[in-house]
Structure formats: C-alpha cells, structure tokens
Amino acid sequence: MTSLFQKYLQQNNYTQFDLKAILFDMDGVLYDSMPAHAQSWQQTMEELGLKTSPEEFYLHEGRTGASTINLIFQQNLGRNASEEEIQTIYERKSELFVKYNTGKTISKAAEALNFVKLQGLKCVLVTGSGQPSLINRLESNFPSIFTPENMVTAFDVKIGKPHPEPFLLGLQKGGNLQPNQALVIENAPLGAESATKAGIFTICVNTGPLSDKILEDAGAKLVLHSMSELLGIFPEILHITSTIRNN
Ligand code: MG
C-alpha cells in the first residue's frame, strides 16, 4: 500500500503528506442512501416517460440535481430542462426520496469518523446533496463531528462534482489546506474524479453496484469495499502518510 502513497507524492510533486483533515462524501459513505436515490430518480423519470437505466444514477452520483435532470433530458429529448421543469422534477424526486430512504447509516461510518477525530484530524463533509432529510440528521447520527463550518453541501457549490470545486471548498473549510494535507473518502466515480482533479489522494469505498475499475479509472488511488475495511486499515494509512518522504 505504501507505494500508492509514494506514487501520489511523486506525481503531485510533494515531498510529504502533512495530514490535517479527512474529507468525507455523504451518500454511500456515511448513509446507505444510494438505493433510495436511484429508485426515486428512476421513478420520477419514468413518470415523465423518460428512459433511464438502473445503473445510471450510480454512475452520475454526485452531480447536482439540475445537472442530472439535464443529462436525462438530453439523452431522451435532445434538450436541457427549463428552470421550471428542473424545480418540479427535483421536488418530486425529493418527495420520493424521503418516502424510500430508510435513514440507515453505513456500517462502521460513525466509528471511522470518531477514529479520525481522536487522531486530532478534522472531519469535513463534502456532498453534492441538498437533501435536508439527511443533512439535518447528521448531528444525531454522528454527534459532534460536523458543523456548518466544516460542511460543503449543494447550498455551497455552484458547479458540483465532477468539477474539483466541492473538494477545493472542502480544503478551504478544513482550514485553507493544501491537497497533501487531506485525504478523500468517496464512493462514486464523479466524486473520485472531482477529488482527484482537486489534487487530493482519493480512497473509494465501493458500497454500490459499480465495478472497482470504474472507480479506479475515475482516479481512486485505493478501492476498498466497506467502511469496516477502511476503519481496519486507517491506522496503517495514517502511519504511512506520517512517515513517507519523496526525496
Ligand atoms: Mg457518494
């Protein structure tokens, strides 16, 4: 595993890591909410007679609502949606999401956040989500971890993933950090692409139906399969990042 971190330092011209924060995505990393997102998007589009595939919303996870809607409109109708259409469609999707989402957290996510905090590192949330039903629940599910000062949500971003903007904002909220002062925990290809473009070492926890290769191709330097696996190797990751040098 050390070689992956070594390669990152070489490719990005850093002599070492200087970790101050871990940037966490929300859906599929902290909350087991992706099945409900995919189901509610698919049903919303079906109600409009628009065709989508079951994997589509996993591939596009992380995009803003407007961007997702325009993408499906372009595929089906060859045009973007109007502002009004975007608003109506996103409202319907959100309504169905609240109905289908169980609020279940990803196993060991809370333990992973607490581990990071105990190491004296800051946890920063970087999500494209604008769903109050989950964002408002963070404090009760993961007490004393996130405050508005260390959260980037759909309300902060203009462009959204896969653009690096959300993770660059995450570095800012982490304390005006450089990319080698953070690690990213993601689950989605567009999230991995966004974080990698922001210059940050990206670990993907593959909690969905996509292949590991899609995540690696998107920029993930390390692909794991559960938060439990991440929790297990976190001490080793922190040991590597605090000791390796690129001379
Ligand atoms: Mg996600």
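Some ground rules. Because the model is predicted, local features need pLDDT of at least 70 and side-chain atom pairs count only at pLDDT 80 or more, while totals for chains, interfaces and linings use all residues. Residues are numbered from 1 along each chain as its sequence is written, and side-chain values use heavy atoms, with hydrogens and water left out.

I start with the metal. Which residues supply the protein donors of the magnesium ion? They are D25 through OD, D27 through O, E61 through OE and N187 through OD1, at 1.9 to 2.2 Å from the ion. A donor here is an N, O or S atom within 2.8 Å of the metal, or 3.2 Å for Na, K and Ca; water is not among the atoms, so a site may look incomplete. Along the sequence, the spacing of the donor residues reads D-x1-D-x33-E-x125-N. D25 and N187 link distant parts of the chain, 162 residues apart. D25 lies in the loop between β1 (21–24) and α2 (34–47), and N187 in the loop between β4 (182–186) and α10 (189–197).

Are D25 and N187 buried or exposed? D25 is buried, at 4% relative accessible area, and N187 is buried too, at 7%. Buried means under 20% relative accessible area, exposed over 50%, and partly exposed in between, with a 1.4 Å probe and protein chains only.

Next, helix α5. It covers residues 83–100, which is 18 residues, and reaches 26 Å from first C-alpha to last, close to the 26 Å expected at 1.5 Å a residue. That expected span is 1.5 Å times one less than the number of residues. Its buried residues include I86, I89, L96 and F97. Seen down the axis, the buried residues of α5 fall within an arc of 165 degrees, so they line one face. The arc is taken from the directions from helix axis to C-beta atoms. On the other side, exposed residues include E84, Q87 and K99. The cover over the buried residues includes α2, α4 (65–77) and α7 (132–135).

Finally, two single residues. A66, in helix α4, is partly exposed at 31% relative accessibility. T52 sits in the loop between α2 and α3 (56–59) and is buried, at 19%. Leaving aside neighbours within four places in sequence, T52 is in contact (heavy atoms within 4.5 Å) with Q42, M45, F57 and I72.

Note on methods. Helices (H or I, at least four residues) and strands (E, at least two) are DSSP runs, numbered from the N terminus.
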